[in-house]
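These are my notebook entries on a single model. I set down here what I looked up, entry by entry.

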Amino acid sequence: MYELHNCLRSVFFATLIPGTILLSWLTGLVGLRSLQACLLIFFLIFVVLPLVFRYSVTLQRGILFLTFIKYPKGLDLTKPESVGLYATRNFYITVKDDDRDEDGVRVGVWHVLPSNAVRRFKRELRVEEEVDHDLDQHMESAPGNEQELKELAPAIRSEFPAVVPENEQLFYERLLRMPGGTVVLYLHGNTASRGSGHRSEVYKLLRKLNYHVFSFDYRGYADSDAVPPTEEGVVRDAMMVFEYIANITSNPIVVWGHSLGTGVATHLCAKLASLRERAPRGVILESPFTNIRDEILLHPFAKLFRHLPWFDFTISRPMYSNKLRFESDVHVQEFRQPIMIIHAEDDVVVPFHLGYRLYRIALDGRNRSWGPVEFHRFGASLKYGHKYLCRAPELPGLIQKFVESYRNAVY
């Protein structure tokens with residue numbers, strides 16, 4: 001009965017527009033030429049365009065990853081201080097897709113130092129003015145590895161009297177190895193770059209909690225190599241950045257994914273589990289979806305097309321056939337680490353109920369001996385939408401509690 005209802009509804013919406021046009025002609029409201037023009041436009045938009053989408057992998061990737069949307073304009077990603085991220089290192093990692101790949105793909109990465117380390121070495125980093133300005137703004141910093149910093153600071157100062165381009169990598173990696181720290185690998189969503197406004201707000205929040213933050217642009221984005229992204233490709237990029245961090249420090253790593261980045265995060269963790277590689281201590285999913293099939297059906301871009309009887313044939317199914325799936329509903333059942341899901345009720349890009357559905361799937365499908373799964377909703381009246389959960393006053397406490405609860409737990 002439910003399938004029959006859906007079928008009838010699809011037929012109704014598919015015939016509504018041409019039926020209205022035809023009725024307008026029959027009643028004399030429009031002429032024959034107008035009727036022909038309107039029907040032609042309908043045919044091009046609702047029949048030809050979906051068919052082009054079905055057979056064009058390039059178009060499918062373009063709509064999914066939206067690499068052509070770039071903002072803010074003129075942002076120099078080699079200078080993170082331009083978006084208020086002082087004491088941040090910009091560098092590049094080469095990702096090789098297989099053993100025969102000689103050149104690899106270069107991806108741009110930021111390493112944001114935690115607040116306590118920046119305050120301790122502000123003179124060596126030459127950011128006294130920026131640090132003092134933040135202190136003037138009554139910035140309260142969370143507890144961190146203060147004792148380790150205090151004990152090791154003299155030795156580090158003697159080794160690095162000033163941080164210059166020649167020794168910057170050694171200095172940042174030295175602080176990353178320091179015991180007692182926490183690292184967050186941030187996986188952003190589609191469009192723009194690692195320097196976009198709301199993403200910088202997340203880094204500053206995590207910095208304030210005294211976490212090292214790594215963020216990067218997948219292939220095809222920003223100043224990373226202009227290679228067309230695929231699901232396997234962007235997950236491979238994430239894997240290489242994760243391995244870079246894991247090869248330097250034994251400190252706990254937390255993976256944070258936002259929007260499309262939640263699909264990358266769950267796929268990354270599932271792949272690490274299948275390879276029996278070192279895994280993160282926890283996974284934070286901000287505004288997640290279940291899979292691309294569900295998300296694209298409910299995305300605002302699909303509003304005009306979702307009721308077409310041929311929507312699944314021309315749009316959803318081809319993306320699955322071309323391995324553009326991001327099946328978080330499958331991947332959350334393939335790794336053991338604790339998961340925290342956060343979602344705003346007024347999210348119009350990834351509807352709230354998709355995030356909650358993923359939570360229920362994780363609760364029901366994961367082994368009881370694995371890490372816990374928690375869900376935090378943020379009311380529509382707060383108007384955080386898709387991007388601005390980082391502005392929720394209670395979020396720092398939730399993050400800190402989650403990280404401290406599981407930073408030493410092994411599942």
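Entry 1, salt bridges. I looked up arginine 219 and found its side chain meeting that of aspartate 97 in a salt bridge at 2.9 Å, N to O. I count a salt bridge when a side-chain nitrogen of Lys or Arg lies within 4 Å of a carboxyl oxygen of Asp or Glu. Arginine 219 lies in the loop between E4 and helix H10 (231-248) and aspartate 97 in the loop between E1 and strand E2 (105-112), so the pair ties together parts that are 122 residues apart in sequence. Helices (H or I, at least four residues) and strands (E, at least two) are DSSP runs, numbered from the N terminus. Arginine 219 is buried at 3% relative accessible area, whereas aspartate 97 is partly exposed at 39%. For these words, buried means under 20% relative accessible area, exposed over 50%, and partly exposed in between, with a 1.4 Å probe and protein chains only.

The model is predicted: local features need pLDDT of at least 70 and side-chain atom pairs count only at pLDDT 80 or more, while totals for chains, interfaces and linings use all residues. Residues are numbered from 1 along each chain as its sequence is written, and side-chain values use heavy atoms, with hydrogens and water left out.

I noted 16 salt bridges in the structure. One of them joins the side chains of glutamate 201 and arginine 391 at 2.7 Å, N to O. This pair links distant parts of the chain, with glutamate 201 in helix H9 and arginine 391 in the loop between E8 and helix H16 (395-406), 190 residues apart. Glutamate 201 is partly exposed at 27%, and arginine 391 is partly exposed at 47%.

A polar atom of its side chain lies 2.8 Å from the backbone oxygen of phenylalanine 335. The backbone oxygen of glycine 371 lies 3.1 Å from a polar atom of the arginine 366 side chain.

Most residues other than glycine have a negative phi, and most peptide bonds are trans. I found a cis peptide bond between tyrosine 71 and proline 72, with omega about -5°. Proline 72 lies in the loop between H3 and strand E1 (88-95). Alanine 87 is placed in the loop between H3 and E1 and has a positive phi of about 55° although it is not a glycine. Alanine 87 counts as buried at 8% relative accessibility. Asparagine 210, in the loop between H9 and strand E4 (212-216), has a positive phi of about 70° and is buried at 4%.

I located histidine 198 in helix H9, where it is buried at 3% relative accessible area. Leaving aside residues up to four places away in sequence, histidine 198 touches Tyr71, His258, Lys387, Tyr388 and Cys390; contact means heavy atoms within 4.5 Å.

Technical notes. Polar contact = N/O pair within 3.5 Å; in protein donor to acceptor, adjacent residues only side chain to side chain.
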